[in-house]
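Have a look at the model first, then read on.

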Amino acid sequence: MSEPTAPQSGQRFAGQVALITGASRGIGLGIAQRLNAEGATVILTARKAEALAEAVAQFPDGTAVGIAGKSDDAAHRAEVFDTIAEKFGRLDVLVTNVGINPVYGPLIDIDLDAARKILDVNVIGTLAWIQEAVHHEGLNFRENKGRVVSISSVAGQVPSPGISFYGISKAAVSHLTRSLAVELGPDIRVNAVAPAVVKTDFATALYEGREAEVAATYPAGRLGTPEDIAGAVAYLASADAEWITAQVLTADGGVITAGGSA
Ligand SMILES: NC(=O)c1ccc[n+]([C@@H]2O[C@H](COP(=O)([O-])OP(=O)(O)OC[C@H]3O[C@@H](n4cnc5c(N)ncnc54)[C@H](OP(=O)(O)O)[C@@H]3O)[C@@H](O)[C@H]2O)c1
């Protein structure tokens with residue numbers, strides 16, 4: 001019997017422009033690589049300019065642009081959107097991927113300033129990127145049947161001890177997704193992906209030194225990779241998902257159904 005052939009990567013984003021926030025490494029970089037491999041010109045953001053430049057250098061010449069700045073900084077967002085409008089005159093796909101979790105511990109004791117920062121970056125920041133993409137006249141986001149995909153988390157679906165406030169912020173991202181999808185249809189589709197543990201710098205504390213033990217709780221038998229999430233995002237952003245909006249796609253190797261948490 002012959003081996004099954006690997007799925008062919010299509011060109012579902014040929015001629016399109018995609019913005020991915022927080023994309024110098026991890027899930028964001030994986031998403032940018034996947035959309036670019038399928039034909040998109042990609043704009044990547046991150047705070048640290050040097051690491052961002054290194055990430056951009058990995059892409060074929062002229063198909064990726066990096067703009068450094070903080071996701072919750074309005075001046076940075078304006079620079080990103082103005083640059084895209086000037087260079088390309090269009091935006092087709094917006095992936096709001098930046099999310100932070102600077103604290104670990106019981107919710108009852110969380111420092112309230114830390115909680116406000118999480119809300120600012122994860123919730124208000126996500127909303128701001130979407131508002132500004134839709135309203136910017138030089139991007140034609142609505143005319144291009146723009147697609148938004150936000151990165152939520154299974155921590156927003158089930159209580160996840162230690163990272164509860166982060167989970168609360170991700171629950172808000174998921175509901176923001178549903179609410180905006182209802183407002184922005186039929187022109188714009190808005191969806192989210194909710195991952196469980198994906199092997200990136202962000203999640204190391206959740207599996208380092210005990211990966212086999214953690215992976216054994218996943219029906220899929222392993223933790224996630226940036227490529228796993230990129231495949232889900234690419235699907236939701238593509239014409240294959242034209243009838244899919246207001247959804248939060250859980251990409252978790254089955255762990256939540258099996259009774260686990262993030
Ligand atoms: N990994 C997981 O297990 C997991 C699970 C569920 C959901 N998620 C979500 O997936 C998203 C990406 O996480 P990841 O695991 O890929 O993290 P990561 O490997 O730490 O990468 C984060 C990326 O975002 C950039 N970034 C971080 N804070 C930023 C800010 N305030 N403004 C602009 N850029 C910023 C980082 O670059 P700089 O440091 O240079 O800014 C980096 O490029 C987050 O929303 C996270 O909540 C992750």
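## Ground rules

A residue counts as buried if 20 or more other C-beta atoms lie within 10 Å of its own, exposed if 12 or fewer do, and partly exposed in between, with C-beta atoms placed from the backbone. Helices (H or I, at least four residues) and strands (E, at least two) are DSSP runs numbered from the N terminus.

This is a predicted model, where local features need pLDDT of at least 70, side-chain atom pairs count only at pLDDT 80 or more, and totals for chains, interfaces and linings use all residues. Residues are numbered from 1 along each chain as its sequence is written.

## One side of α2

Helix α2 spans residues 49-56, and its buried residues are Leu-52, Ala-55 and Val-56. They sit on the same side of α2 because they cover an arc of only 95 degrees around the axis, taking directions from the helix axis to the C-beta atoms. An α-helix has 3.6 residues a turn, so residues three or four places apart point the same way.

Covering these α2 residues are, among others, α1 (26-37), β2 (41-46) and β3 (64-68).

## The nonpolar core

A nonpolar core is a set of buried Ala, Val, Leu, Ile, Met, Phe, Trp, Tyr and Cys residues joined through C-beta atoms within 7 Å. The largest one here has 66 residues, and Ala-18, Ile-31, Leu-44 and Val-233 have the most contacts inside it. Helix α7 (residues 226-237) gives the most to this core, with seven residues.

## The whole chain

The chain has seven helices and seven strands, running β-α-β-α-β-α-β-α-β-α-β-α-α-β from the N terminus. Buried residues make up 42% of its 262 residues.

Technical notes
Contact = placed C-beta atoms within 7 Å.
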